[in-house]
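Here's a quick tour to read alongside the sequence and the 3D view. Keep both open and look up each residue as it comes up.

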Amino acid sequence: MQSVRGPAGTRSKLWNFNLPEGRSTPFCLPAFQHQNNRVSAGLRRSQYKQGAVGLAQRRAAPQALSPAMVELETASLQISQTPEWKALEDHVTEIEKTHLKDLLRDGERSDLLFHEFNKIIADFSRQRVTKKTLELLTNLADRAKLREKIDAMFAGEHINITEDRAVLHVALRAPRTKKIMADGVDVVPEVWQVLDKIKDFSDKVRSGEWLGATGKPLTDVVAIGIGGSFLGPLFVHTALRTDQTAAEQARGRNLRFLANVDPVDVARALNGLKQETTLVVVVSKTFTTAETMLNARTVRTWLTAELGPAAVAKHMVAVSTNLKLVKEFGIDPENAFAFWDWVGGRYSVCSAVGVLPLSLQYGFEITEKFLQGAHDVDEHFRTAPFEDNIPVLLGMLGIWNTTFLGYPSLAILPYTQALSKLAPHIQQVSMESNGKGVALDGSKLSFEAGEIDFGEPGTNGQHSFYQLIHQGRVVPCEFIGVVKSQQSVYLKGEVVSNHDELMCNFFAQADALATGKSPIELRAENVPNSLIPHKTFTGNRPSTSILLPELTAFTVGQILSLYENRIAVQGFTWGINSFDQWGVELGKVLASKVRAEMHTCRTKNRNVSPTDGFNHSTTKLLNRYLEGKARLLYPEPQDVFPCDLIDSDTCRPPSSYV
Ligand SMILES: O=P(O)(O)OC[C@H]1O[C@](O)(CO)[C@@H](O)[C@@H]1O
């Protein structure tokens, strides 16, 4: 057995550490207590870091991790030091002797790698794997206790240990008849209470029963939120806009999003809207996110300047876990839609975060189908054996590519424009979840976790970055195609329909990456010798092809669940906490410091001085910024309005608004 360095600098054999005296379990972790006031777990963790005694305390403590989770944590501490991991490392040499163009000649292998669940097809035959690779990956999953961790998630255990929270976004799309427990309470009735409230409210707005302050129906909705309070809803909205059933329901209605604190985004979001027909939904789990709250105050000012302060009651609603702050902001808690701290921001699209704006736009019935699609794949994920489990296979093959073959990125390439916001959403879900440097116990990872996700719909991407993925770096790809397009166009005289034309590329690209083109083939085509190196395609570049029957609210829900659960599989196997996001905190703190300084400099009309606590570079850059915008100085803060309302000569709002 290999000897490795344990988390507290101790030497350990595999994950059975040689513990310092007085400690009888691997919980010899460096104490940590985050300063963020959202964390209450620090004390509890420090309590259960004390070996057997600590474990006993944890079992007794309310909301402590269950013995199963304690064991799971223990088991995954040093996953990279297990024989299963080592076997995969050794297996890389075998795989390196293969080429996809040869592997693809084996029909039996292709059949083994072809999977189907409820009309979703996932073809993994273009991954650089053999039957043996799959077996070794399954062994790794077993060693990481993947099954137990999935069960722990669905059972509402506090698997988000740094925030001491359950991770139960799957409960958001469970049918009424299901029972899902968190902290001793069945959460499904609470979920449905909010869903019923959304249905009721959105029906009223859509039917014109709920009117604005001047008695007009509210046909336009602006959803203000950022990160998880924006990207998921935007992804689903973009996917449904061209679905004929959904579009029919959205006739005469508009849904816009305002995410960036950039006033340009405010201008774009409000451009052309009228206050009297606009409903604003402020979406923030915490109701403290600086960008969202400034945007909410800006849009509230836009509304009340026109309609008066009382209009907030009819024109502004909120989605949050923090109803106290919602009230303080001036929104009646009656007009707030709650969710719970067991829903991570980036996993919140199935809560009121997504369901409210989507129901306002498309009606609750369509939105409910989206929830049903997500639940459908959740059940597949929860129950299917690993060898047939599409999210598990997606996740484990992602680990194979990232960690063992050394390809750190993933290109998400939907061959449908309707999924153009899938990659940005998955970017957050994946990179905020799995972009971690330490294991669950706080020890530094001995490998790099996380994938670098990006993507564009095909065929646009083909004319952008595909050159690199064909002849430059190896970037594993996930191609997503649909059998039946949302829009049907077949022009007289054309060889194929427009959608078939698109899909020809879907099929061609995956094979071009896999098989490549050799110098021998090029010579046979009489390509001049000097050009052969330039025209050679090495091939052997892995991809997965996912084929959906069509793109509807239901299948969009299925895709969401495929990716969310794929990402969980990876985090569970890497042994990290996929459900916290401490990495976003430092930048926020520093921005506050800059904000305070900026305020002082602007109001006192002075520059940043070297003694203000910024380094030389930042001091210099800040001063150039302050000097460059001196003409924008105003004596005291005013309500400044966006877009066409700003006088571009003076850079000031028109006097009527000051
Ligand atoms: O919904 P909130 O609390 O405004 O947070 C928005 C986003 O900010 C983050 O906390 C950090 O980017 C995300 O995890 C979250 O989705």
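Let's start with glycine 227, which sits in the loop between strand E8 (220-224) and helix H10 (231-240). The model is a predicted one, and in it glycine 227 counts as buried because its relative accessible area is 18%, under the 20% cut-off. Alanine 411 is 184 residues away from glycine 227 along the chain, and the two C-alpha atoms are 20 Å apart.

**Around the ligand**

- Which residues come nearest to the ligand? Out of the 13 residues around it, those are Ser229, Ser284, Thr286, Thr289 and Glu432.
- Glycine 228 uses its backbone here: one of its N or O atoms lies 2.7 Å from a ligand oxygen atom.
- Threonine 286 has a polar side-chain atom 2.6 Å from an oxygen atom of the ligand.
- For glutamate 432, the distance from a polar side-chain atom to a ligand oxygen atom is 2.5 Å.
- On its own the ligand has 390 Å² of accessible area, and the protein covers 89% of that.

**Strand E16 and its partners**

- Strand E16 spans residues 543-550, and six of its eight residues are buried, so the rest of the structure largely encloses this strand.
- On the parallel side of things, E16 pairs with strand E15 (residues 477-484) over seven bridges. Glutamate 478 has threonine 544 of E16 as its bridge partner.
- Strand E5 (residues 120-123) runs antiparallel to E16, and three bridges join them. Here aspartate 123 has serine 545 as its bridge partner in E16.
- Threonine 552 and threonine 238 are 314 residues apart along the chain, yet their C-alpha atoms are separated by 11 Å.

**A closer look at aspartate 123**

**Strand E11, covered on both faces**

- Strand E11 (residues 316-320) is mostly covered, with five of its five residues buried.
- Side chains in a regular strand alternate between the two faces of the sheet.
- In E11, Met316, Ala318 and Ser320 are on one side, Val317 and Val319 are on the other, and all of them are buried.
- Strand E10 (residues 278-283) runs parallel to E11 and is joined to it by four bridges. Valine 283 stands opposite valine 319 of E11.
- Strand E12 (residues 336-338) is parallel to E11 too, with three bridges between them. In this pairing, alanine 318 stands opposite alanine 336 of E12.

**Salt bridges**

- Side chains of opposite charge can pair when their charged atoms come close.
- How many salt bridges does the structure hold? There are 27.
- Lysine 86 and aspartate 90 form one with an N to O distance of 3.2 Å. Both residues lie in helix H4 (residues 83-96), four residues apart, which is about one turn of the helix.
- Lysine 86 is partly exposed at 34% relative accessible area, and aspartate 90 is partly exposed at 43%.
- Aspartate 341 and arginine 165 form a salt bridge too, with their closest N and O atoms 3.8 Å apart. This pair links distant parts of the chain, 176 residues apart: aspartate 341 is in the loop between E12 and helix H16 (352-362), and arginine 165 is in the loop between helix H8 (146-154) and strand E6 (181-182).
- Aspartate 341 is partly exposed, at 42% relative accessible area, while arginine 165 is buried, at 12%.
- The side chains of arginine 173 and glutamate 564 also meet in a salt bridge, 2.8 Å from N to O. They are 391 residues apart, with arginine 173 in the loop between H8 and E6 and glutamate 564 in helix H24. Both arginine 173 and glutamate 564 are buried.

**A nonpolar patch on the surface**

- Leu586, Val589 and Leu590 form a nonpolar surface patch, with about 300 Å² of accessible area together.
- Valine 589 belongs to helix H25 (residues 585-604), and it counts as exposed because its relative accessible area is 53%, over the 50% cut-off.

Terms used:
Residues numbered from 1 in each chain as written. Predicted model: local features only at pLDDT ≥ 70, side-chain atom pairs only at ≥ 80, totals over all residues. Heavy atoms only, no water. Patch = residues over 30% accessible without salt bridge, like charges linked within 9 Å, V, L, I, M, F, W, Y side chains within 5 Å. Areas by Shrake-Rupley, 256 points an atom, 1.4 Å probe, with all protein chains shown as cover. Salt bridge = Lys/Arg side-chain N within 4 Å of Asp/Glu carboxyl O. Helix = DSSP H or I, 4+ residues; strand = E, 2+ residues; numbered from the N terminus. Buried < 20%, exposed > 50% of the residue type's maximum accessible area, 1.4 Å probe, protein only. Pairing = 2+ DSSP bridges. Near = heavy atom within 4 Å. Polar contact = N/O pair within 3.5 Å; in protein donor to acceptor, adjacent residues only side chain to side chain.
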